[in-house]
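Me: I'm new to this one. Can you walk me through the pockets and the ligand?

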Amino acid sequence: MIEIRGHHLLCAVTFTGRGYSRRFERDFRRVVARMNDNEEMVIVAGPDAICASVKDCAGSHCHEERIVARDRAALAEISALTGRVLDVGSRLMPHDLFNARHRKAFDDGTIRAACTDCQWADLCDRIAEDGFHAALLDTR
Ligand code: SF4
């Protein structure tokens, strides 16, 4: 079971192997590989399987309100998109979520409120504009 926080349901879509550190990139790659194998995901509050490599988790931005607010924003917009209420504890299959509709909504900004002020936003914009060709996540 992949533990995933709300806004990482967006970050996974544009992950190309780049991240905060080598270790973070390695762990994120492993999570994406599990998603591509369609391992079930469960929504968690706060740090998740992708955050696991952050050494000083308690002192990182992972617990800050602005980051938790990203989780709420992402879950609200993805819930509206899918017609299924997603919250902490919800379980879902990667292949049911990461599809062309999800990518289109990412690309047109429908589910990007969580990305406001994110340092990676320009990079994620470019990846989406380029048709997600560089992304490691499979899309159905
Ligand atoms: S802009 Fe930031 S929050 Fe949005 S998908 Fe990219 S990395 Fe994630």
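Me: Let's start with the second largest pocket. How do the residues of its lining divide by class?
Reply: The lining has 9 nonpolar, 3 polar and 3 charged residues. Keep in mind that this is a predicted model.

Me: How many residues line the second largest pocket, and which lie nearest its centre?
Reply: The second largest pocket has 15 lining residues. Nearest its centre are Asp71, Arg72, Leu75, Asp87 and Val88.

Me: Which elements give two or more residues there?
Reply: Those are β2 (41-44) and α3.

Me: And which gives the most?
Reply: α3 does, with 6 residues in the lining of the second largest pocket.

Me: What's the volume?
Reply: About 160 Å³ for the second largest pocket.

Me: How many residues line it, and which are nearest the centre?
Reply: The largest pocket is lined by 30 residues. His8, Cys11, Tyr20, Cys118 and Trp120 lie nearest its centre.

Me: What classes are in that lining?
Reply: The largest pocket is lined by 19 nonpolar, 7 polar and 4 charged residues.

Me: Now the ligand. Where is it?
Reply: The ligand takes up the space of the largest pocket.

Me: Which residues are around it?
Reply: Leu10, Cys11, Phe106, Arg112, Cys115, Cys118, Trp120, Ala121 and Cys124 are around the ligand. Cys11, Cys118 and Trp120 also came up among the residues nearest the centre of the largest pocket.

Me: Which helices each give at least two residues to that shell?
Reply: α1 (8-14) and α6 (121-129).

Me: What about classes in the shell around the ligand?
Reply: The shell has 8 nonpolar residues and 1 charged residue, with no polar ones.

Me: Cysteines keep turning up. How many disulfides does the count come to?
Reply: The count comes to 0 disulfides.

Me: Back to Cys115. Buried or exposed?
Reply: Cys115 is at 15% relative accessibility, so it counts as buried. The cut-off for buried is under 20%.

Definitions and conventions
Residues are numbered from 1 along each chain as its sequence is written. This is a predicted model: local features need pLDDT of at least 70, side-chain atom pairs count only at pLDDT 80 or more; totals for chains, interfaces and linings use all residues. Side-chain values use heavy atoms; hydrogens and water are left out. A residue is near a molecule or strand if one of its heavy atoms lies within 4 Å of it. On a 1 Å grid over the protein atoms alone, a cavity is a set of points where a 1.4 Å probe fits but cannot get out, and a pocket is an open set with protein on both sides within 12 Å along at least five of seven lines; lining residues have an atom within 4 Å of a point. A molecule sits in a cavity or pocket if more than half of its atoms lie within 2 Å of its grid points. Helices (H or I, at least four residues) and strands (E, at least two) are DSSP runs, numbered from the N terminus. Ala, Val, Leu, Ile, Met, Phe, Trp, Tyr, Cys and Pro count as nonpolar, Asp, Glu, Lys and Arg as charged, and the others, Gly among them, as polar. Grid points are joined across faces, edges and corners, and a volume is the space filled by probe spheres set on the points. A disulfide is a pair of cysteine sulfur atoms within 2.5 Å. Buried means under 20% relative accessible area, exposed over 50%, partly exposed in between (1.4 Å probe, protein chains only).
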